[in-house]
Amino acid sequence: MNAFESKQQLDESGTGRQDAGEGPEPKDKPEFSGPYHHPAAGWGAAMSVGKILVRERALLDGPRAIFRMNHEGKGFDCPGCAWPDDTKGLHLDICENGIKHVTWEMTHKRVGREFFAQHSVSELSGWTEFELENKGRLTEPMVYDPATDHYVPISWGEAFDMIGRALHELDDPNQASFYTSGRLGNEATFLYQLMARELGTNNLPDCSNMCHEASGRAMKAALGTGKGTVDLEDWETTDALFIMGVNAASNAPRMLTALAEAHRRGAQIVHINPLIEAAATRTIVPHDIRDMAMFRATQTSTMTLQPRIGGDMALLRGMAKAILDMSATDPKALDKEFIERHTVGFEDYREVCDATPWDEIERQSGVTRTDILKAAQVYRDADRSIISWCLGITQHEHGVDTIREIVNLLLMRGNLGREGAGPSPVRGHSNVQGNRTCGIDHRPSEALLARLDKVCGINSPREHGLDTVATIEAMNRGDVKVFIGMGGNFALAAPDTHYTYAGLRNCELTVHVSTKLNRSHLVHGRQALILPCLGRTEKDEQENGLQSTSVEDSMSMVHLSVGMKKPASPDLLSEPAIIAGIAKAALPESNTPWNWYVGDYDRIRDTMSEVFDGFEDFNRRVRLPLGFRLKQPARELVFLTPSGRAEFSAVPLPDVIPAPGTLALGTMRSHDQWNTTIYSDNDRYRGIKNLRTLVFMNPEDMAERGIKEFDSVDIVATAKDGSVRSVEGYLAVPYDIPRSCAAGYMPEMNVLCAIGDYSTQSDQPIMKHLKVTIARSAT
């Protein structure tokens, strides 16, 4: 029952076949031109943006949006990544992927009752992800009619009443689960978690459970804070940047500006990733007119290391071991004063480093001792260093231990609590960090709940709730009967695709608050609702006029976002209004002033300022230029740990070597993709056209298996419990990736990650470290 064919997967969760972002209409034949040799961004991005604006008929709205995006005080925050806004007031603080995201939202195409009358859910289930989203913006609430297999119109009042009844009929409030994607603004986030807790549950899974949960848990344990301690000004002053497990050119393209500026002023930039990505080579920043005019590129790295998948911890251990060796003759290799004053556990860590032999470090990391020593020398020579990482580090069984190792290395040289130094996780979605800050947490602290209860007059449950993996398991058991998703595409983003589908279909009611049609609307419960909401680019008019929402970027800056465009439909509601409508129907006796909150979001912010530390005087401070930065105690060398100090971690290296004949496979996004939104079948930075069902392999691994370029292969993943999942007919592409490693695109390959394949350290699905075999297809 656990072996699935790729054809079945594509029938239910196929991806785009047409070009939404760049190049001509795709050809039937896939193409591979090899790694990208041009500068990242530059004219390639500029031409892509031009084609996007033409294709989306956004020649007027598009440029207008470009000049309003990421502008403090008068613009809207990019609904894409969470990279901070430029501190110098840059007039074009934008990127290619941000423009794709905005124009995709601002499309003139509409999906209303006429569309749903023409197409059944069964028919739509055979469409690709691109085809679904490309039909345009949802315009009115829809309810599933099982008699006709069509979605049909429903009024907002009827939809809210339907949800209210379903929640009232539950035997236990824990039979409902409330999912959040990273696009939800802080004000809506606050109302959402308030509603769930007033109902009596902490079932608040979110996209962090699949992405950066390991980062939060590791830094909380080591430093007493779940967030990075650096800001963009630190990036502008540091001597060395270590970029780990991130494809910045696609996932956080505005980072390219910081990398180029760092290189120009002489900073060292070390990229650590199994694949050499475009961001690790050179760039032309599009808003630098002189460089664009002169085709003048800037280097974005001074060193590149390619560890095996899962080998990052061993590489870091090697760097730490080298620093310790240097300290025998170099008194400045370690910051002994910092270690003595501000840390505990150093001697235990020294012992575990001494006990780890170099041959084991080389074997586990896949990097030579010589190269590790070079990286360690860069670290030693830098007065101030930042280590930054993304999902290439977190989505592993040992993700927490690896991030603790990052912190260990930083502590050894006192790279904390001073300008230009510290840990810097790269959060993905635009407000995923704000969601957690503002209460979306299935394991809330007593301090948060006590403050929430006192300010809002409710009795929050104290029992921990369900995260994403646990929610999927509970849906399949029948223990979760109502699932409400605020944004995102849960059905495709989650692991173990068919198991997730089965869980959603086992629900009594599924509700998705969305801007566009996606797979989650088609993989539904016995009752199902689609509730269309305003996009980030659109004006949000409420009782007291035009409203703004706040978001928190990946470096703890909180600022306002104000939509600029007329809503796609007069029937759209804002996310706070939708949440309030559900809450009033589900909690008819509630004393919470839901309508009053929605009438003016300043009122929500006033309440938030009483609940959350750091949000004092919220309404005034968020209107300051660039907003305000939430304090990070560890940045001030205040450590909210049991010891009151930063804590070293001392654990042995895990064995990440694949068994003979198997490979370690990691999933990733293509360049023409944002999370589960597929803009086309192209991946410019990896030389791919017209293809998504592929696997990148080391040429020697291919030769060993008798596989040639574009041969059809079958991929079989073996889960921790011994069960197998497979996809068939994928095409093999030779690539510069370490031996015994492979990579392919999500969400197509999410089917290979079993629901039980999650980290015991973070509960995250281990989508970057699947155990697979790959062989030529029989036919």
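Where is serine 181 found?

## Serine 181

Serine 181 lies in the loop between β7 (176-180) and α9. The model is predicted. In this model, serine 181 has a relative accessibility of 3%. Buried means under 20%, so serine 181 counts as buried.

Which residues does serine 181 touch, leaving out those up to four places away in sequence? They are Cys207, His429, Asn435, Met486, Gly487 and Gly488.

## Helix α9 against α23

Helix α9 covers residues 186-199, and helix α23 covers residues 446-456. Their axes come within 12 Å. The crossing angle is roughly 90°. Angles of 65 to 115 degrees count as roughly perpendicular, and α9 and α23 are therefore placed in that class.

From α9, the contact uses Phe190, Gln193, Leu194 and Arg197. From α23, it uses Leu448, Leu449, Leu452 and Cys456. By type, the residues of this contact are six nonpolar, one polar and one charged.

## Helix α18 against α19

Helix α18 (residues 358-365) and helix α19 (residues 369-381) have axes that come within 10 Å. These axes cross at roughly 95°. The two helices are therefore roughly perpendicular to each other.

Which residues of α18 meet α19? They are Trp358, Ile361, Glu362 and Ser365. Their partners in α19 are Arg369, Ile372 and Leu373. The residues of this contact divide into four nonpolar, one polar and two charged.

Helix α2 has 14 residues, 42-55. At 1.5 Å a residue, it should span 20 Å. The C-alpha atoms at its ends are 20 Å apart, so the two values agree.

Which residues of α2 are buried? The set is Gly42, Gly44, Ala45, Ser48, Val49, Ile52 and Leu53. Why do they count as lying on the same side of α2? Because they cover an arc of only 165° around the axis. An α-helix has 3.6 residues a turn, so residues three or four places apart point the same way. On the other side of α2, Met47 and Val54 are exposed.

Helix α15 runs over residues 312-327 and has 16 residues. From first C-alpha to last, α15 reaches 23 Å. That is close to the 22 Å expected at 1.5 Å a residue.

How many of the 16 residues of α15 are buried? The count is 15, and α15 is mostly covered.

Notes
Residues numbered from 1 in each chain as written. Predicted model: local features only at pLDDT ≥ 70, side-chain atom pairs only at ≥ 80, totals over all residues. Heavy atoms only, no water. Helix = DSSP H or I, 4+ residues; strand = E, 2+ residues; numbered from the N terminus. Expected span 1.5 Å × (residues − 1). Buried < 20%, exposed > 50% of the residue type's maximum accessible area, 1.4 Å probe, protein only. Arc of directions from axis to C-beta. Axes fitted to C-alpha atoms, helices over the stretch in contact; angles between N-to-C directions. Parallel < 35°, antiparallel > 145°, perpendicular 65-115°, else oblique. Contact = heavy atoms within 4.5 Å. Nonpolar A, V, L, I, M, F, W, Y, C, P; charged D, E, K, R; others polar.
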